[in-house]
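Subject: The model, and some notes on it

Hi,

Here is the structure I promised to pass on. Have a look at it first, and then read my notes below.

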Amino acid sequence: MTSRPAAGGGRWVEVDPGRVARWVEGFADRHGPPTTTVEGYGLLLAAPDGATAELHTPPGAPASADVAGFVAAAGAPRRLGLLLVRKGAVAVGVADGPDLVVSKVDSRYVQGRTAAGGWSQQRFARRRDNQAKAALGDAAELAVRLLLPAAPTLAALVCGGDRRAVDSVLADRRLAPLAALRADRLLDVPEPRHAVLVDAIGAARAVHVLVRDPDRD
């Protein structure tokens, strides 16, 4: 379980699907038995002392009307597509529950920025742009080859890395079926590698909880 400050107050907590029930029990122990309300993002737990917890439905899971249903839906195995793109590297995969069943990582050299000026800088910038476009083209081809055939079986596509790079890859018309499955969640990942792809499964399946505690906020 990880925690980080949330914009506007409170904190985001990422909870493994198998531990959500225990987390809710702990919330109730600390703040009192909460009332449950169905919201667009999932469930809102409101405790007697004013503390709240927003349980956000994880990618690909169905909406639930109560905590028991939410826990069952979050923990149920489902197939997720993974698309991680950053600079000249891409990683694609298909996860069946917590297991990575399809994967491929690729990279292409893209030059870094330079402080040089004049015509040299302009030539460098053009060359760098061309390299970046070629890398994104390779990423799209990889997605077409490995992810697109799996699209009918996927509950959602979870992306990570650089948002603009991901947007560019999914702008390929051939990937429209995958773009339609894209989850709102964007994973914050380093340069895509196989180990990063494996770790991304847990981040994609995790339940995000926004906690606001009157004693802290």
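Let me begin with Gly50: leaving aside its neighbours within four places in sequence, this residue is in contact with Arg212 and Pro214. Please keep in mind throughout that the model is predicted.

Gly50 lies in the loop between E4 and E5. With a relative accessible area of 41%, Gly50 is partly exposed.

Is Asp213 buried or exposed? Asp213 has 8% relative accessibility, so it counts as buried, the cut-off being under 20%. Asp213 is in the segment after E11, and it touches Arg11, His31 and Ala51, not counting residues up to four places away in sequence.

Now to the strands around that loop. E4 and E5 (residues 52–56) run antiparallel and are joined by 5 bridges; within this pair, Leu45 stands opposite Ala53 in E5. The two strands make a hairpin with 5 residues between them, in which Gly50 takes a positive phi near 100 degrees. E4 also pairs with E3 (residues 35–38), in the antiparallel sense and over 4 bridges. In that pairing Thr35 has Ala46 of E4 as its bridge partner, and the E3–E4 hairpin has 3 residues between its strands. E4 itself (residues 42–46) is mostly covered, with 4 of its 5 residues buried.

Helix H2 (residues 67–75) comes next. Which of its residues are buried? They include Phe70, Ala73 and Ala74. These three cover an arc of only 95 degrees around the axis, which means that they are on the same side of H2. As a reminder, an α-helix has 3.6 residues a turn, so residues three or four places apart point the same way. What covers the buried residues of H2 includes E4 and E5, along with helix H1 (20–31), helix H6 (194–205) and strand E11 (207–212).

E7 is mostly covered: 7 of its 8 residues are buried.

Finally, the nonpolar cores. The largest one has 22 residues, and those with the most contacts inside it are Leu83, Leu147 and Leu175. Two or more residues each are given to this core by strands E6 (79–86), E7 (89–96) and E9 (156–161) and by helices H3 (118–146) and H4 (163–170). H3 supplies the largest share, 5 residues. As for Leu175, its contacts beyond four places in sequence are Ala140, Ala143, Val144, Val169 and Leu170. A second, separate core has 17 residues, among them Trp23, Ala51, Phe70 and Val207. Two of these names came up above: Ala51 is touched by Asp213, and Phe70 is one of the buried residues of H2.

Happy to go through any of this with you.

Best wishes

Definitions and conventions
Residues are numbered from 1 along each chain as its sequence is written. This is a predicted model: local features need pLDDT of at least 70, side-chain atom pairs count only at pLDDT 80 or more; totals for chains, interfaces and linings use all residues. Side-chain values use heavy atoms; hydrogens and water are left out. Buried means under 20% relative accessible area, exposed over 50%, partly exposed in between (1.4 Å probe, protein chains only). Two strands pair if DSSP finds at least two bridges between them. A nonpolar core is a set of buried Ala, Val, Leu, Ile, Met, Phe, Trp, Tyr and Cys residues joined through side-chain atoms within 4.5 Å. Contact means heavy atoms within 4.5 Å. The arc is that of the directions from the helix axis to the C-beta atoms.
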